[in-house]
Each structure stands twice: as C-alpha cells, then as structure tokens.
Amino acid sequence: MHGTLLAARDLTGALGRPSQHDMLAAREMQAMSFAVHIPLVCFGIAFPAMVLFVEGLWLRTGERTYRDLAQRWSKVMLVLFAVGVVTGTILSFELGLLWPNFMATFGSVFGLAFGIEGFAFFTEAIFIAIYAYGWDRLGRRAHLAVGVPIVLAGILGSLMVISVNGWMNHPTGFAVAGNAVTAVHPWAALFNSHLPYELVHMYLAGYMVAGFLVAAAYALAWLRGNRDRYVRAALVVPLTAAALAAPAQIVVGDWAGRMVAQDQPPKLAAMEAVGHTERGAPLHVGGVWFDGSLHGAVPIPKLLSLLAYRNVHARVVGLDAQPPADRPPVNVVHLSFDAMVGIGTALALLGMGYLLFVARSRRMPRSRWFYRAVVAAGPLSLVALLAGWTTTEVGRQPWIAWQVMRTTDAVTQARGLPEAYALLALTYIGLAVAVGWLLRRLSRPAQDAEAAMRRGAEIAR
Amino acid sequence: MSLAEVCAALIVAGLTAYAVLAGADFGAGFWDLVAGGPERGARVRGLVQRSMAPVWEANHVWLIFVLVVFWTAFPRAFGSVMSALYVPLFLAGVGIILRGSAYALRGHAVTLGEARVLGATFGLSSVLTPFFLGTTIGAVASGRVSVGGGSGAPLAAWMHPMPLIAGVLAVVLAAHLCAPPSPSPRSRSGGASRSARSTRWS
C-alpha cells in the first residue's frame, strides 16, 4: 500500500454488494452527526486541561476568583461532556446502521482502537462527575488529582478514534483472500502511519477551537465593559492556549499535506484542483471547478510542488491519472481546503500578534478591534475545523477504506434514509438551540446565573 | 473457553450492567413521566434529578462498550443485526439524544414551562428508548435476523409479537428496577435517601 496508485482492491465485503439509491443521504447524515460531535470532542481534548490550569492557579495564589472560574467551567465541561456522550453514541450506532458492510468486513481490524476508546470513555465519565460534583466534598489536592484522569482519558480516547480515521486513509494490519479479510493484526492497524500527523493536527485544532470559542465569549463580555479579574482570567487562559496552538498548526498542517501528497495523490489533486499531471505545479487559491478545469482561481507559480515535495520542479499527479470513477468531488474538497488554510493562517497571525504584544508590553491590548477579532475567531475556528474534516473525508471518496473498499459497497440497503436524515436533522437543530440557550445562561454574570440555577433546581425538586 | 466465548461473555456482562444500571435510569424517567402535575410530582422529580445526575453518563457508556465489543468480535453478525433492525435501532438512537440532552438541560430550567417541556421529553424518551432496544433483543432472540443478509425490509424482523413483548418487558423491567417508595408521612428525607440507594444498587 505504500507509495502510490497500486491497483485498487475493491472489496465487496462480508454482506455482499448493496443497492442504495440514497447514498448521498447516508453520507450527509454521517457528516452531520460528525459535525455535531467534533466540536464537543475539541472541548473534551482541551477544556479539562484549561480548567485544571485555572484550579492550579487557585491553589498557588489562593485567589477566590480562580476557584469560581474553575468551578463554573467544570459545570460547562460536564454539560458538554454529557451532550458529547449522546452524540458519540449516535455515531457508534450510525457506523453500523449506515455502513453495515464496512463494519462487517473490517470490524475485527480496527475494533481494538474502539475497544480501548470505550475504557477511556468510562474513565472520563466517572472522573468528570466526581470532579464537577466534588468541589465541596474533596480536599483541594485530591480534587485537583481527580481532574488528571479526565485529561489523560480525553487524550487516550481521541487518540483511538483518530487512529481509526488514520486507518481508513491508510488501511494496514490485514491481508485480503478473495473477498474476505484475513491475517488480522489489530496493533498494526491501530498504529498506522497516518495516525501521528492526524493526531497532532486534531489536538492543536482542539486547543484552537475550544480556546478561541471560550475566549470569544469573554471577549464579548470585555467589549460590553465587563473587565473585572474574573473576565480577565477567563479570557487570558483560553486565548493564550489557542494563540500558542495556532502558529504550530501551520507546521503540522504542512506535515499533513506532505503525507497526503505521498500516500493519497488523488486527494491532493482534489484539494488543489490539479486537473493534469504537471511539473512545477502552482498553488491555486479559490476558484470553481467545472468542465474539467478550475476557473477564477489565483495561481501562485510552483508553490504546490515546493510545499508538497520540497522541490519547485516536482511532479504533481493530476486527477486525470485516475479513472473518472475513482476521482473525489473537486469543488467541495478544494474550497473546504482553502477555507481551512485561509482561516488557519488568519488565526495564526492573530495568535502570534497577541503573544508578541503581551510579551513586549506586559498588558492586554486596548484596541476594541483586537477583542472584535477574538469574538470572530471563535466561530471561524469552528468553520476551519469542519472544513478540514470535510477536506480529508470527502477527499478520500469514493473510498471508505482507501483503495480497499468503496463507500457504495459499504452502505446499508435500508430504505427511508432521507426521512431518517430529516428526523435526525430536526433533533439536532432542537439540541443545538437548547445547548445554545443553556450556554448563554451559564455565561451570565455569576450571581445572576447562580440564582437562576437555584430557582431551576427548586422547580426540578 | 474459546476467544469467541470470552467475547460473548464480555457482551453479556456489559449488557447486564447496562440493563441494570442504565435500566434504572430509564425507569427513573418512567416514574418521572407518570409522577403527576408539578405539585404532586415534585418529590419524585427531585429524587430523579438528584440521584441520576452524577452517574448517568457512566451508566450509559456500557452501551457503547457492548456495541464496540460486538462489532470487534462478531463483525458479520453486527452488520447483519444493524441492517435488519435499522428502524428500532435508529429510533432508540434518537431517543438517546433526546433523553440525555433533555435531562442534562432540565437541571438548568428556570421557568415552570421550560421544566415541563424538558421533563416530558426526558420521560417520554426514557420509555421509548428501552422499548426499541428491547425489541431488537427480542428479534435476535426469536431468530428473526439472518446472518450475512443485508435485508432492506424495514419492519419484517421486529414487527412481531415476540420482539414487541420484549420491548414492553424492557420498559417494565426498567420501571421495576427503580420503583420509588411511597411517600412516608413520618420522614420524607429518610424516604428520599432510601430511594436514592435503591435507584442505584437494587
């Protein structure tokens, strides 16, 4: 599988070749469920560490503000975890419900990762509850210690899920005999060669999304004139984490791009809308793909060859090297990729600017435009995250497991997918409205929200 | 004992833990639903809210554990069950979203109206979810799922007395696991703590 363009193996799978007219509905349903879940994963990856950091500040300085902030954040963390548990359950249902043939054929190959993820999830669920409910029941050091397994389990759990995605991009750890999978090596599948860069890329994305989103909420409070110690701490901690992650993400993104160039040339061709194989290929910014070529893009000469292969004359394989049935859709992949790179670059500049300013002048910026930029960075980081996942997932098409099984062979035969999609979409819209309503309530000034929650508890009681 | 049997034993153990622990949480939702108006039902609803809050996510993770072992150890059977029983499993999935989020949000309700809408969503989905999960067990147990068949028929495997009865049984079992004590005139708080204990460990 290493290198490029081996003859695809095209497994039919354990359940036989399915017939499904609503293939797109199945893919969109899966994409929607991921889009709901992945932002919550970012909070699972990055938020516990930020909460523990603030609690650590309280233990060091004894300042009550830090404790109040950590305690408030631990409530947000618990609610987001609870919603993440249910949206994650839906994903594990959908893996089977939408792609039964994929699971039936390869479940034994990548299943180990999900098994370990299950245990990590348990650990996280147990300790997150102890942490959030244990503020007045545990000693200070014990309470901080209870938070550590949450951070570790969050790292381990998402490592395992990303390993499965890495495996889908680079399937290893098995052999194919006829139409069956044999000689399964689960550990080889788990530690596949696409795990490392995907993992680091997603980790930094987690810190960027969680950091910028939380910072955006408090930058808004700052703009409205609320600039006490509490808001200041709540702004500085996540903003600094995100500002450190954003420039590093550029380096990791370059690593990811070179791995894709090496192992998945058609995906790279779609990301950059390279129609024909060429030497010294330019980088295309924007543009729309139709009639077999890209229109209205801004080309930067030789840059693609340089970035992908560290050589301005390197040969970049175009989409025409693939039979039409093996090409990913170009517009979605190219524009998502550009959106991710564009936003990522802007966020890195914002992060570096902030860090340089604070290092030089030892105070927060005063310009209202800075705080407006931070407010915008929150939702923009979310867009970049989803655009990045769209790039890698749609760019892998038409394969569910790269050059081993086609998505059309993995899909369910079930009827009524559009109806199920509509029902799930309505449920998720309701959920989004409800969570937004709750987060708004949790972000109100402290006494106000505490009183509101006490009233709520009275009614529930 | 073969590896397959070890995995099957793990699934049975996980399923038992899920049926008992999360089953009690579903049962709590059932009693929440039938607790009556805001005045009369306040005691039961308060009990449900307080006793479930720290543990329900951990209880729910058993289901993910069962699914994961199922597809890792028996991928072909998993694919077959999923493609034959996609209707009840999808509805159970929607029920899980509604129940988890309505419960998590209800603790933050401020007005009576909010608490009512979220409470009703929580209660109804607490009944529907175990019902649909129960029908899938009934369908598998009565041999209505054929291995290796990617059937597209939506109702054939579970619209039958046996799976439907299994669904009802799952709801009744959940309600039984978590039956709250009748209010005692002598000590309300004593009743509360006893019930909180029976909710968890009966």
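Here is a quick tour of chain A, from its overall build down to a few charged pairs. What you're looking at is a predicted model. Chain A is made of 14 helices and ten strands. Its radius of gyration is 23 Å, close to the 23 Å that the globule rule gives for 461 residues, so chain A is as compact as a globular protein of that length.

**Overall build**

- If you boxed up the C-alpha atoms of chain A along the principal axes, you'd need roughly 65 × 50 × 40 Å.
- Of the 461 residues in chain A, 56% are buried.
- Take the contacts between residues at least 6 apart in sequence: 80% of them join residues at least 24 apart.

**Surface and charge**

- Chain A exposes about 18,900 Å², and 66% of that comes from carbon and sulfur atoms.
- On the charge side, chain A carries 37 positive and 26 negative side chains.
- The centres of those two sets of charges sit 12 Å apart.

**A salt bridge across the sequence**

- The structure has seven salt bridges over all chains, and one of them pairs A:Arg229 with A:Glu63, at 2.7 Å from N to O.
- A:Arg229 belongs to helix α7 (residues 229–263), while A:Glu63 is in the loop between α1 (23–61) and α2 (64–98), so this pair ties together parts that are 166 residues apart in sequence.
- A:Arg229 counts as exposed because its relative accessibility is 53%, over the 50% cut-off.
- A:Glu63, at 25% relative accessibility, counts as partly exposed.

**Salt bridges within a helix**

- In helix α2, A:Arg64 and A:Asp68 are four residues apart, which means about one helical turn separates them.
- Their side chains meet in a salt bridge of 3.5 Å, N to O.
- A:Arg64 is exposed at 52% relative accessibility, whereas A:Asp68 is partly exposed at 32%.
- Helix α11 (residues 368–396) holds another such pair, A:Arg396 and A:Glu393, which are three residues apart, or about one turn of the helix.
- The side chains of A:Arg396 and A:Glu393 form a salt bridge at 3.0 Å, N to O.
- Both A:Arg396 and A:Glu393 are buried.

Note on methods
Residues are numbered from 1 along each chain as its sequence is written. Chains are lettered from A and ligands numbered from 1 in the order in which they are written. This is a predicted model: local features need pLDDT of at least 70, side-chain atom pairs count only at pLDDT 80 or more; totals for chains, interfaces and linings use all residues. Side-chain values use heavy atoms; hydrogens and water are left out. Helices (H or I, at least four residues) and strands (E, at least two) are DSSP runs, numbered from the N terminus. The radius of gyration is taken over C-alpha atoms; the globule rule is 2.2 Å times the number of residues to the power 0.38. Buried means under 20% relative accessible area, exposed over 50%, partly exposed in between (1.4 Å probe, protein chains only). Contact means heavy atoms within 4.5 Å. Accessible areas come from the Shrake-Rupley method with a 1.4 Å probe; for residues, only the protein chains shown count as cover. Lys and Arg count as positive and Asp and Glu as negative; His and the chain ends are not counted. The place of a charge is taken as NZ of Lys, CZ of Arg, CG of Asp or CD of Glu. A salt bridge is a side-chain nitrogen of Lys or Arg within 4 Å of a carboxyl oxygen of Asp or Glu.
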